[in-house]
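Me: I'm new to this one and would like to learn how to read it. Could you walk me through it feature by feature?

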Amino acid sequence: MAIAKAERLMNLALCLLGTRRPLTKHELRSSIEAYREAFGPGAPAGPDDAFNRMFERDKDDLRELGLVIETVDGIDGETGYLARRDSNRLPPITLDAEEAAALGLAAKVWQQARLAGAASGALQKLRAAGMPLAGGEADLDAGQPHSALEPRIPTHEAAFEPLMLACRDRRPVVFDYRKSNAARPEQRHLEPWILECWRGHWYVAGWDRDRGAERVFRLSRITGRVRSRQGKFTAPVPDHVTVRETVERWAGETATGTARIRLRAGHGYPLRARALSVRALDGDWDELEIPNGHGLDAWLVEFGPDVVVLEPAELRDGVIDRLRAVAKG
């Protein structure tokens, strides 16, 4: 009977934690019973490539579980592996009730996203470290249905997962991107730094290689597939990336004046929430005074025929130009 995977992973972890020197794959293959059984002399699955695939999967699984595995190049050129005890020993976890509740709440946010597995695994590790279980002072069980607050962050865009992995692994990407005023998408080469959600939309910030500058892209405007590229980042990653501030500036949040618009009754609630004044014109239209800043024309276009810009003239012209570009596309 084949040895269960859990037992195989446990034996591999014990070997890596128990050694004082790096062990090569050959030494691990001959030391661990599951590997000897599957790849030893006379075993049906003997080729080295089959063992290498299993070993790499097992190593990745242990790292996913939190084991820090080091790779060391030997004098003979062969790679060795070990898990130092000091690198795999965590200090006591001390979280008060509010901190524990915040972690549980954050994990619930991701239950319908790509990070659901990672969030669930993190909570399991906290439980194993002695944190309170569901029903205690701090409820960390992300699967309990009794919570009155169930936040969700939507991640419907197909570009979310590949961009999230690219940000994590520091890999350049390429994708086709269609601006709100463009008839056709353009190819963009990006070194992604961070993903951030703002007002229900996801944005990625990074270094645009084509323009040689920092740029922010809205995921819903990415068309087609996000493709990874070989090589390292060419620009340094800043310590602090102001995605939200950049998006606010481009969305007209940093106001430099005011604008007057006509808005169809019963529509455009985000505009009404920002309005400085609202005056009913008739049963169908209202007149609003709203803050006007860079990029407001792109936002107003999204409301289509429910918005008519009255002034200033440059804002009205900008909205008309964007609508014509969309119509031509």
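This is a predicted model: local features need pLDDT of at least 70, side-chain atom pairs count only at pLDDT 80 or more; totals for chains, interfaces and linings use all residues.

Me: Is Asp 306 buried or exposed?

Reply: The general idea is that a residue counts as buried when its relative accessible area is under 20%. Asp 306 has 18% relative accessibility, so it counts as buried.

Me: Which residues is Asp 306 in contact with, leaving aside its neighbours within four places in sequence?

Reply: They are Arg 262, Leu 263, Arg 264, His 267 and Trp 285. Two of those names come up together again: the charged end of Arg 262 sits over the ring of Trp 285, 4.8 Å from the ring's centre.

Me: And Asp 297, is it buried or exposed?

Reply: Use the cut-off from before. Asp 297 has a relative accessible area of 16%, so it is buried. You'll find Asp 297 in helix H10 (residues 296-301). Setting aside neighbours within four places in sequence, Asp 297 touches Leu 315, Gly 318, Val 319 and Arg 322.

Me: Let's zoom out. How many helices and strands does the protein chain have?

Reply: There are 11 helices and 12 strands. Of the chain's 329 residues, 37% count as buried. Look at contacts between residues at least 6 apart in sequence, too: 55% of them join residues at least 24 apart.

Me: How do I read a sheet?

Reply: The general idea is that strands of a sheet pair through backbone hydrogen bonds, either parallel or antiparallel. So look for the order of the strands and the sense of their pairing.

Me: How many bridges join strand S4 to S8?

Reply: Strand S4 (residues 173-177) and S8 run antiparallel and are joined by 4 bridges. To find the place, look for Val 174, which stands opposite Arg 227 in S8.

Me: What joins S10 to S11?

Reply: A hairpin does, through 4 residues. Strand S10 (residues 277-280) and strand S11 (residues 285-293) pair in the antiparallel sense over 4 bridges, and Ala 280 stands opposite Asp 286 in S11.

Me: How should I think about a nonpolar core?

Reply: In soluble globular proteins, nonpolar side chains tend to be buried together. In this model, the largest nonpolar core has 19 residues. Those with the most contacts inside it are Leu 12, Leu 16, Leu 28, Tyr 35, Phe 55 and Leu 62. Helices H1 (5-18), H3 (33-39) and H4 (48-64) each supply at least two of its residues, and H4 gives the most, with 5. Leu 62 touches several residues beyond four places away in sequence, including Leu 9, Leu 67 and Ile 69. There is also a second, separate core of 18 residues, among them Met 164, Val 173, Trp 202 and Leu 219.

Me: Last one: how do I read aromatic pairs?

Reply: Check the distance between ring centres and the angle between the planes. The structure holds 8 aromatic pairs. Phe 55 and Tyr 81 form an edge-to-face one, 5.2 Å centre to centre with 65° between the planes. That pair links distant parts of the chain, with Phe 55 in helix H4 and Tyr 81 in strand S3 (residues 79-82), 26 residues apart. Both residues are buried. Ring pairs also link Tyr 35, Phe 51, Phe 55 and Tyr 81 into a cluster.

Notes. Residues are numbered from 1 along each chain as its sequence is written. Side-chain values use heavy atoms; hydrogens and water are left out. Two strands pair if DSSP finds at least two bridges between them. A nonpolar core is a set of buried Ala, Val, Leu, Ile, Met, Phe, Trp, Tyr and Cys residues joined through side-chain atoms within 4.5 Å. Buried means under 20% relative accessible area, exposed over 50%, partly exposed in between (1.4 Å probe, protein chains only). Contact means heavy atoms within 4.5 Å. Rings of Phe, Tyr and Trp (its six-membered ring) pair if their centres lie within 6.5 Å; planes under 30 degrees apart count as stacked, over 60 as edge-to-face and the rest as tilted. A charge sits over a ring if NZ of Lys or CZ of Arg is within 6 Å of the ring centre and within 35 degrees of the ring normal.
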